[in-house]
Amino acid sequence: MSVTAYAPASTGNVSLGFDILGLALKPIDGSLLGDRVTVVQEQESFSLTNAGRFAHKLPTDATQNIVYDCFLGFKDALADLGIDVRPVEMVLEKNLPIGSGLGSSASSIVAALAALNGFYGNPLNQEQLLRLMGKLEGQISGSIHYDNVAPCYLGGLQLMVESDEQISLSLPVFDDWYWVICYSGASVSTAAARDILPKEYDRATTINFGRQLAVFVDALHRKDKVLAAQMMQDVIAEPYRKSLLQNFDAGRAFAQEQGALAFGISGSGPTVFAAVESLDAAEEIKQWLVDNYIQNEDGFAHVCQVDGQGTQVSEDV
Ligand SMILES: Nc1ncnc2c1ncn2[C@@H]1O[C@H](COP(=O)(O)OP(=O)(O)OP(=O)(O)O)[C@@H](O)[C@H]1O
Ligand SMILES: N[C@@H](CCO)C(=O)O
């Protein structure tokens, strides 16, 4: 029996929650926007086959793929429980571009660990698995942050708690908001996009960050869309990262003309997002971004809604 896990794309930060807020996304046209990993069977030695639109961008050596690290991390975690994990045959369908700001490595990590856990009869609980996902994501970006792995695994809008008992909690979302995302086709390393940020922030910025996040969470719970949208301004990363993104300001100006509630950088970029209530406006913004933001054949745009389900695991007998 093989086990397959699909893990959706995610937007980290959502403009106002640097490293501590993340949103899972699904295109409204039903297209697949996330990686899929299958654990096929146990075998003599580990093997990984890459497939999918962005397979050619992956390291050619399977041991350099984060999926292999997931296998090793899972094996170690089960060894601690006295369970022996043998080498397995795995397949990665790489549907998310690397360095896109859509949680590409997180999607591979989450799908791989969810598939492995399913294959072995779910020995790790949700919390244990999420901690392992965060650790593996930290290996790639240089520091542990859950704003991609948590929404990718659990779905919805996730706020990081990071206490001993709980990694993240689900926030309410506005079901009638559309999220337009556009990937330019360029690759931005998360680690590099973090290196250009200041190590410290001044008092005014810190106060603004805390105020926005607190008011936003309160507005979500009171279903106050206008106030929630007003708070979606990035004081931490966008001022330093947007200069790397061609046509970013023009994109925001166009989105605002169409009535967008917010416009920002998805994760560490270069993907941008617009939050908008009208589907017609969402389609207009998408078309503008296709015409003006995409730089090469790897780029794409989608009108999305929140993926409330997160990772989906299925067994093939
Ligand atoms: N399965 C995988 N998916 C994505 N990246 C991988 C994978 N395996 C190994 N890598 C390597 O991990 C690094 C990922 O870098 P980075 O964190 O910048 O990208 P990302 O997670 O794809 O970005 P983003 O979260 O912005 O989509 C790259 O060097 C890439 O070659
Ligand atoms: N929150 C992190 C990763 C987002 O994908 C960042 O912006 O650097």
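Author: Helices (H or I, at least four residues) and strands (E, at least two) are taken here as DSSP runs, numbered from the N terminus. This is a predicted model, in which local features need pLDDT of at least 70 and side-chain atom pairs count only at pLDDT 80 or more, while totals for chains, interfaces and linings use all residues. Residues are numbered from 1 along each chain as its sequence is written, and chains are lettered from A and ligands numbered from 1 in the order in which they are written.

Reader: Which helix gives the largest share of the shell around ligand 2?

Author: The shell has 14 residues, with Gly 12, Asp 19, Asp 147, Gly 267 and Ser 268 the closest; a residue is included if its C-beta atom, placed from the backbone, lies within 6 Å of the ligand. The largest share, 3 residues, comes from the helix spanning residues 190-195, H5.

Reader: How many charged residues does the shell around ligand 2 have?

Author: Asp, Glu, Lys and Arg count as charged, Ala, Val, Leu, Ile, Met, Phe, Trp, Tyr, Cys and Pro as nonpolar, and the others, Gly among them, as polar. By these classes the shell around ligand 2 has 3 nonpolar and 8 polar residues, and its charged residues number 3.

Reader: Which helix supplies the largest share of the shell around ligand 1?

Author: Of the 23 residues around ligand 1, those that come nearest are Ile 66, Ser 104, Ser 105, Ser 108 and Thr 190, and the shell by class has 9 nonpolar, 14 polar and no charged residues. H1 (66-80), H2 (104-119) and H3 (126-141) each supply at least two residues. The largest share, 4 residues, comes from H2.

Reader: Between which domains does ligand 1 lie?

Author: The domain bounds come from an automatic or database domain assignment. Both domains give residues to the shell around ligand 1, so this ligand lies between domain 1 (2-171) and domain 2 (178-306).

Reader: At what angle do H1 and H2 cross?

Author: Axes are lines fitted to C-alpha atoms, for helices over the stretch in contact, and angles run from 0 to 180 degrees between N-to-C directions. H1 passes H2 in a right-handed crossing. The two axes come within 9 Å and cross at roughly 40°.

Reader: How is H9 oriented relative to H10?

Author: H9 (residues 248-257) and H10 (residues 279-292) have axes 10 Å apart and pack at an angle of about 160°. That makes H9, relative to H10, roughly antiparallel (an angle over 145 degrees).

How values were computed:
Parallel < 35°, antiparallel > 145°, perpendicular 65-115°, else oblique. Left-handed = near helix turned anticlockwise from the far one by under 90°.
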